[in-house]
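Thank you for making time this morning. I would like to walk you through one structure, beginning with a pocket and then moving on to a strand and a few charged pairs.

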Amino acid sequence: MTTSQIAFLKGHGTENDFVIVPDPENALDLPASVVARLCDRRAGIGGDGLLHVVRSGAHPEAKAMADDAEWFMDYRNSDGSVAEMCGNGVRVFARYLQRAGLVEAGDLAVATRGGAKKVHLAENGDVTVSMGRALLPADGVTVTVGDRAWGARNVNMGNPHAVAFVDDLAHAGDLLTEPSFAPAAVYPEGVNIEFVVDRGPRHVAMRVHERGSGETRSCGTGACAVAVAAARRDQADPARTGEPVTYTVDLPGGSLAITEHPDGGIDMTGPAVIVAEGMIDPAWLETPNE
């Protein structure tokens with residue numbers, strides 16, 4: 001790592017929480033083992049993932065996006081694995097940039113492994129992220145928990161999702177371990193699995209098992225996938241109706257508004273909060289786990 005102390009912040013978006021590590025010049029070595037220690041809720045800082053804040057031009061995976069987005073969200077799951085995109089993470093990432101004086105309220109772009117995302121920081125504190133378009137692969141999948149099984153909609157939001165509509169969110173089980181899905185070949189690198197119930201017109205609630213993290217209080221890309229799947233189920237596909245459709249998606253950590261437009265673009269709006277900042281002791285990081 002480094003002999004110097006490492007700055008960090010802690011933030012959340014609808015209680016999907018993150019360790020934030022500013023590193024503009026990509027000078028820090030953050031192997032999976034270090035990320036996992038930082039995200040450990042008992043022995044570390046604790047988080048569903050880690051937001052590594054790097055200038056796009058300083059990161060080999062983001063250099064091609066540097067002209068469109070100055071900052072790259074190098075996102076890691078809590079087990080240290082690399083992920084393409086995290087919708088709640090983008091909102092918290094943008095809030096950090098604003099807090100640090102690197103951007104102002106208004107529009108900006110954030111580079112991710114899922115492409116450059118347009119972000120709007122509103123004066124009221126909400127953050128809207130243009131999440132791009134959903135892909136709807138034809139491959140079907142079955143999700144199983146205990147003796148219950150459901151057909152799930154395959155939705156890709158830059159990362160893979162399987163959306164299952166259920167009668168009761170309790171049927172998802174404890175979500176401490178990943179629910180099984182088949183055929184496994186549909187998701188060779190794993191999948192985020194959403195369980196969804198209806199709450200009212202254009203209003204649903206969900207629980208999610210995020211690959212590499214387990215059940216989380218919120219998942220932005222998952223909420224988008226759920227809204228897209230619900231719109232198709234409800235025959236409200238904006239590409240066919242010519243009208244945008246908005247779903248309120250309730251998650252354990254709060255609510256998000258998801259709007260899909262006739263051109264396929266999806267906007268996600270919700271809060272983003274920075275709750276703490278401090279310094280990481282490098283001696284702790286360099287001490288082997290006991």
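**The largest pocket**

The lining of the largest pocket has, by class, three nonpolar, five polar and five charged residues, where Ala, Val, Leu, Ile, Met, Phe, Trp, Tyr, Cys and Pro count as nonpolar, Asp, Glu, Lys and Arg as charged, and the others, Gly among them, as polar. Please keep in mind that this is a predicted model, in which local features need pLDDT of at least 70 and side-chain atom pairs count only at pLDDT 80 or more, while totals for chains, interfaces and linings use all residues. Residues are numbered from 1 along each chain as its sequence is written, and side-chain values use heavy atoms, with hydrogens and water left out.

A pocket here is, on a 1 Å grid over the protein atoms alone, an open set of points where a 1.4 Å probe fits, with protein on both sides within 12 Å along at least five of seven lines, and lining residues have an atom within 4 Å of a point. The largest one has a volume of about 170 Å³, a volume being the space filled by probe spheres set on the points, which are joined across faces, edges and corners. Of its 13 lining residues, Arg41, Asp48, Ser78, Ser213 and Gly214 lie nearest the centre.

Let me turn to strand 8, residues 141–145, strands being DSSP runs of E with at least two residues, numbered from the N terminus. Val141, Val143 and Val145 make up its covered face, whereas Thr142 and Thr144 form the uncovered one. Strand 8 pairs with strand 9 in the antiparallel sense over five bridges, pairing requiring at least two bridges found by DSSP.

Finally, the charged pairs: the structure holds 17 salt bridges, each a side-chain nitrogen of Lys or Arg within 4 Å of a carboxyl oxygen of Asp or Glu. Which residues are linked in a network of salt bridges? They are Lys10, Asp17, Arg41 and Asp48.

Aspartate 74 and arginine 76 also meet in a salt bridge, at 2.8 Å from N to O, and both are buried, which is to say under 20% relative accessible area, with exposed meaning over 50% and partly exposed in between, for a 1.4 Å probe and protein chains only. Arginine 55, in turn, forms a salt bridge with glutamate 25, the closest N and O atoms being 3.5 Å apart. Arginine 55 counts as partly exposed because its relative accessibility is 29%, whereas glutamate 25, at 54%, counts as exposed.

How values were computed:
Helix = DSSP H or I, 4+ residues; strand = E, 2+ residues; numbered from the N terminus.
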